[in-house]
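Below is a short briefing for a reader who has not seen this structure before.

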Amino acid sequence: MTDITQAFVTALQLLITFDSSLVEIVTLSMQVSLSAVALAVLIGLPLGAALALFKFPGRNGLVVFLNALMGLPPVVVGLVVYLVLSRAGPLGVLGLLFTPMAMIIAQTILVTPIVAALTRQVVADLWVEYSEQLRSLGATPASAIPALLYDARFTLVTAVLAGFGRASAEVGAVMIVGGNIDHVTRTMTTAIALEVSKGDLALALGLGIVLISLSLAINAATYSVKQRAEAAWA
Amino acid sequence: MNKATASNLTAPDAAISQPDRATILPLRAENVSFDAGGKRLVDSLTFTLDDRLRTFILGSNGAGKSLTLRLCHGLLLPSTGRVVWEGAARGEDPLKRQAMVFQRPVLLRRTVAQNIDYALKQHGIHRRERPGIIDDVLGRTGLTRFAKSPARHLSGGEQQKLALARAWATRPQVLFLDEPTASLDPAATHAVENIIDTMHAEGTRIIMTTHDLAQAKRHADEVMFIYGGRLMEKTPAEEFFNTPRSGEAAAFLNGELRW
């Protein structure tokens, strides 16, 4: 019990003193996860909307596949990205392995299916309501996509938050492709895993507190903005 | 038609003039049927709509009135038969010369003015021309003070006025209306009817459904009566209400609907 108390005290000290290694790790983690989410949004929103609106052979199979990808094991994604980016791999010449860019790529692969699958569902539901009106106004499914995404914006915030949750919480993929190198690719989750195995529970706990607090803060901020905007636009 | 109110709604220097282009009318439905779930819901409709009249489609619930509107407007494809806009030029998209107002308007989560702007954009109207048209239709429909309000915050009647303004802005030659006043109070109904009459007076052909027989008596030039998916008669309004040709229509008017 005293160990845990001690760990909490040390964790708080690290937080209050703005410990430089802690700040470095937190900053890198946020950079990687937010970049991955931004890329996943750029890919996932149009992809999900297109899957909702365009009818083509094999669409149902693709939807099931996409939904299944939401549960991709991070370590497997990490392994595949590792193989692709390693010296002998097809993209080995880029020299990206064990860099933050490799971690962003791996997390983008993890987050994109979540954003795309949830977007598809939201846009499909909205299309039921809007289809006749928009087609009457002269819109085609393709030209309706921006309007539908815009009108679904409040619901889509939740999809993006789900994607961010996935990115910020996972450890397997960034561990494999980043390598948990101090000052280079060490993120909150990989550092926690390392410190626990080393027995430095205080730093691990401090990082854990920061991770959960940041996640809470981002979600709370987003939620309040969303609530206000939604009330204003119904 | 209430001429006084209609002229009040018309600004003399309006940005919207009468639809003076070659018309896409007449509309000819040839043997149009529509099946769903193994049932024939619309059965062998054949008719021609040419003059710029106000045609009211009447009939009981489930008779196929709304389906008929959607088939004519092109939102549904007929299972058999075809809908032809005979006046449409080669390569012209007849849909761009039509508009439809639904019982429950779907308004985008944007401002009132932006809702109209969206429709104009879909019709390929240049960005610079849009503000003038938007101001004009908002003025004509009494929505000017709501221009910057979120469209979904409007009352039911104002939302329907916006749907009409949005349709009006695109200068349709043909306006379809599917029970546009079914969920409105008498004052809003009156306002909506006035807007429709003004659009008609400026040359837009009106094709609408309603359950409000008094409304049909007030505004219809012609009635198409549909029963069980079949067109029973297409009759000048006065004649329809006085001496309907079909027994079904007589029963409908007497309130003794046969099922």
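## Briefing on chains A and B

In this predicted model, Met100(B) has Phe176(B) of β6(B) standing opposite. The strands concerned, β5(B) and β6 (residues 174–178) of chain B, run parallel and are joined by four bridges.

**The sheet of chain B**

- The strands β5-β6-β7-β3-β8-β9 of chain B, in that order, form an open sheet of six strands with mixed pairing.
- The edges are held by β5 and β9 (230–236) of chain B; each has a single partner strand, so one side of each has no neighbour in the sheet.
- From one strand to the next, the twist averages 15°.
- Within this sheet, strand β3 (residues 54–58) and strand β7 (residues 205–209) of chain B pair in the parallel sense, over four bridges.
- Ile57(B) has Thr209(B) in β7(B) as its bridge partner.
- β5(B) is covered on both faces: Gln98(B) and Met100(B) are buried on one side, and Ala99(B) and Val101(B) are buried on the other.

**A loop residue of chain B**

- Glu129(B) lies in the loop between α3 and α4 (130–140) of chain B.
- Is Glu129(B) buried or exposed? Glu129(B) is exposed, because 11 other C-beta atoms lie within 10 Å and a residue counts as exposed at 12 or fewer.
- Between Glu129(B) and Asp50(B) there is a separation of 79 residues in sequence and, C-alpha to C-alpha, 31 Å in space.

**Chain A as a whole**

- Chain A has ten helices and zero strands.
- The C-alpha atoms of chain A fill a box of roughly 65 × 50 × 25 Å along the principal axes.
- Of the 234 residues in chain A, 38% are buried.
- Taking the contacts in chain A between residues at least 6 apart in sequence, 79% join residues at least 24 apart.

**Helix α10 of chain A**

- Helix α10 (residues 201–233) of chain A has 33 residues, which at 1.5 Å a residue should span 48 Å; the end C-alpha atoms are 47 Å apart, in agreement with that.
- The buried residues of α10(A) are Ala202(A), Leu203(A), Ala204(A), Leu205(A), Gly206(A), Leu207(A), Val210(A) and Leu211(A).
- After α10(A) comes Ala234(A), which has a positive phi, near 55°.

**Packing of α7 against α10 in chain A**

- The axes of helix α7 (residues 153–169) of chain A and α10(A) come within 10 Å and cross at roughly 175°.
- Angles over 145 degrees count as roughly antiparallel, so α7(A) is roughly antiparallel to α10(A).
- On the α7(A) side, the residues that meet α10(A) include Phe154(A), Val157(A), Leu161(A) and Phe164(A).
- On the α10(A) side, the residues that meet α7(A) include Leu211(A), Ile218(A), Lys226(A) and Glu230(A).
- By class, the residues of this contact are seven nonpolar, five polar and two charged.

**Where chain B touches chain A**

- How many residues of chain B are in contact with chain A? There are 17 residues of chain B in contact with 14 residues of chain A.
- On the side of chain B that touches chain A, β5 (98–101) and α3 (112–122) of chain B each supply at least two residues.
- α3(B) gives the most to that side, with three residues.
- The side of chain B that touches chain A is made up of ten nonpolar, four polar and three charged residues.

Notes:
Residues are numbered from 1 along each chain as its sequence is written. Chains are lettered from A and ligands numbered from 1 in the order in which they are written. This is a predicted model: local features need pLDDT of at least 70, side-chain atom pairs count only at pLDDT 80 or more; totals for chains, interfaces and linings use all residues. The expected span of a helix is 1.5 Å times one less than its number of residues. A residue is buried if 20 or more other C-beta atoms lie within 10 Å of its own, exposed if 12 or fewer, and partly exposed in between; C-beta atoms are placed from the backbone. Two residues are in contact if their C-beta atoms, placed from the backbone, lie within 7 Å. Ala, Val, Leu, Ile, Met, Phe, Trp, Tyr, Cys and Pro count as nonpolar, Asp, Glu, Lys and Arg as charged, and the others, Gly among them, as polar. Two strands pair if DSSP finds at least two bridges between them. Axes are lines fitted to C-alpha atoms, for helices over the stretch in contact, and angles run from 0 to 180 degrees between N-to-C directions. Angles under 35 degrees count as roughly parallel, over 145 as roughly antiparallel, 65 to 115 as roughly perpendicular and the rest as oblique.
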